[in-house]
Amino acid sequence: MRTHACNLLCGAGKYAKESTWTCDTIPVFTKIQKHYTAEELFSDWETRGWITELTRGTHLVITGGEPLILERQEQLIPFLKMLKDPFIEVETNGTICPSPALNTHIAQYNVSPKLTSSGMPKAMRFVPEVIQWHCQNPRSFFKFVVTNKEDVRDLTNTYITPFNIPLNRVWLMPGAATRKTLLELQPTIAQLAKESGMNFCSRLHILLYDQTTGV
Ligand code: SF4
């Protein structure tokens, strides 16, 4: 489930000149296709057979944009209450805490805090109390998008060391938007993960579909 809008604008607009990469989902999450009430969405998913899939163990991954924008949290809760407790993951940039009411529905947080290379000012992308909340939550895992050693130094100095984040809860992901650049970059990032003791993950959707969206 991709929700509309984000509180950051990584590598885009006036932040482009300070960044080494650009968020590839901005064109997708800024395009509103339809507003749904909780009832309309449930009915649509029932018709597609997705409610049945969720009861059979399929994970629901809520992403964005930023799904924890406060207005979005309020809109999500009535819908999540209608589901029969499936395994729900939230992908978040780690700048906004989930409300207690939303948190009761979430099984896992995939937290992707942004680095200097995103071009975003630190005051916008770094919210210590939210990072602290996720550190204390055993259901939160951290995923950093990196392109070089400098990024790994940055994430270590800004997040890992100050918050004492266990490395087995940290993943490095190559910052690449096309299959070609991903294939070129990922051996370097895998090596950085090995050297630093962190986990490595690729970008499966790009390996499979390159830049095609909606698949
Ligand atoms: S926080 Fe994530 S969704 Fe928002 S602009 Fe940055 S990369 Fe894109």
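The model is predicted: local features need pLDDT of at least 70, side-chain atom pairs count only at pLDDT 80 or more, and totals for chains, interfaces and linings use all residues. Residues are numbered from 1 along each chain as its sequence is written.

Strand β5 covers residues 170-174; strands (E, at least two residues) and helices (H or I, at least four) are DSSP runs, numbered from the N terminus. In a regular strand the side chains alternate between the two faces of the sheet. In β5, V170, L172 and P174 form the covered face, while W171 and M173 form the uncovered one.

Strand β4 (residues 140-146) runs parallel to β5 and is joined to it by five bridges; two strands pair if DSSP finds at least two bridges between them. Across this pairing, K143 stands opposite W171. Between β4 and β5 the chain passes through helix α8 (residues 149-163) in a right-handed β-α-β crossover, meaning that, with the strands pointing away from the viewer, the path from the first strand over the helix to the second runs clockwise.

Strand β6 (residues 199-200) also pairs with β5 in the parallel sense, over two bridges. Here L172 stands opposite F200.

Elsewhere, L83 lies in the loop between α4 (70-82) and β2 (88-92). L83 counts as partly exposed because it has 16 C-beta neighbours inside 10 Å; the class lies between buried (20 or more other C-beta atoms within 10 Å) and exposed (12 or fewer), with C-beta atoms placed from the backbone.
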